Amino acid sequence: ALSIRKLLRMKSTELEHLILSNEGYKNHPFAHDPDQRTYVYTLKTGKKSLTYFGSTHTNDPRDIMFRDLHGEFVQAKPDIVYVEGYTYVNQNKDKVIREEKVKSLEETKLDGEGHFTLKLAVDAGIAFESPEPPADEEIAYILNKGFSKKDIFSFYVFRMIDQYLRTQENPTIEKCKEYIMPTITRFKKDSGWNEKDIHNFTHEIIDGLKLDDPKFYRKLVDPIPWDNRVLQPTNEISSLSSNFRDIYIFRRIKEGLKKHNSLFVVYGSAHAVKHE
């Protein structure tokens, strides 16, 4: 295992090949243990410490994971927290602080563990970041790998439909359309693609919405190449996206360790396993 001291002396490019691939994750014991929902570890060297809380994605306020996350946060005493999937916070920190201060910690659970962690950071008066890569760079990277625009667009929208189905007890087509529209609007800007193409892709997805099977879209955006499973283009795109993000997130964490003594990272459990 690498110490933090040794990690900081090495270049990111010397270390990135050590990040576990999706194929490697498939063979990791955690991936086959149905009783484990989180993957948590702490690395320490001298004054430097890194606590990585690999979470399950939930917005159920009754989930005991929030209690565990809060406990790890208190114990870590971080200087900065890193949260998944909230890129807007990086350019709008003053606004985020104002918004979080008027909310209760219990309220933020309804928006998931990332929002909950942001609230913990704001209340503690510490720095926060969402170390996600620029969307335009990720889209261009995947397009350069030879995938069609339709399949790339479908992956990003399917991922949001899956998120919608995970967070709604009584999903409806109208509410689902409303939920995914901000993602489509952002995608138009980030991709710079022809608006007519995106319009056609959008209507094709909406006309074929399947909300009766909560796992339908989850299977289409799962990046892990499980055995005895036929991979769809969206699965392959998901794997590329996952790898691209893992490298970028790793670089940001490494930079954070240079500037801060105690880091607290909250990402999905698969990211935690692959980064370890």
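1. Two strands are taken to pair if DSSP finds at least two bridges between them. By that criterion, strand E3 (residues 80-83) pairs with strand E5 (residues 262-268) in the parallel sense, over four bridges. E3 is also joined to strand E4 (residues 127-129) by three bridges, and these two strands run parallel. The model under review is a predicted one.

2. The side chains of E3 deserve a separate remark. Ile80 and Tyr82 point one way from the strand, while Val81 and Val83 point the other way. Each of these four residues is buried. Val81 provides a reference position for both pairings: Phe128 stands opposite Val81 in E4, and Phe264 stands opposite Val81 in E5.

3. As regards the overall architecture, the protein chain contains 14 helices and five strands. Its radius of gyration is 19 Å, which agrees with the value near 19 Å that a compact globule of 276 residues would have. Along the principal axes, the C-alpha atoms fill a box of roughly 55 × 45 × 40 Å.

4. Burial and surface may be considered together. Of the 276 residues in the protein chain, 46% count as buried. The chain exposes about 14800 Å², of which carbon and sulfur atoms supply 49%. Among contacts between residues at least 6 apart in sequence, 72% join residues that are at least 24 apart.

5. Helix H7 (residues 113-124) has 12 residues and reaches 16 Å from its first C-alpha to its last, close to the 16 Å expected at 1.5 Å a residue. Because 10 of its 12 residues are buried, H7 is largely enclosed by the rest of the structure. The buried set includes Glu113, His115 and Lys119 as well as Phe116, Leu118, Leu120 and Val122.

6. Not counting residues up to four places away in sequence, Phe153 touches Ile184, Phe187, Trp193, Ile198, Phe201, Thr202 and Ile205.

7. Is Leu211 buried or exposed? The relative accessible area of Leu211 is 16%, and the cut-off for burial is under 20%, so Leu211 is buried.

8. Leaving aside neighbours within four places in sequence, Leu211 is in contact with Ile161, Leu165, Pro171, Thr172, Ile173 and Cys176. Leu211 and Thr172 are 39 residues apart in sequence, yet their C-alpha atoms are 7.4 Å apart in space.

Methods: Residues numbered from 1 in each chain as written. Predicted model: local features only at pLDDT ≥ 70, side-chain atom pairs only at ≥ 80, totals over all residues. Heavy atoms only, no water. Expected span 1.5 Å × (residues − 1). Buried < 20%, exposed > 50% of the residue type's maximum accessible area, 1.4 Å probe, protein only. Contact = heavy atoms within 4.5 Å. Rg over C-alpha atoms; globule rule 2.2 N^0.38 Å. Areas by Shrake-Rupley, 256 points an atom, 1.4 Å probe, with all protein chains shown as cover.
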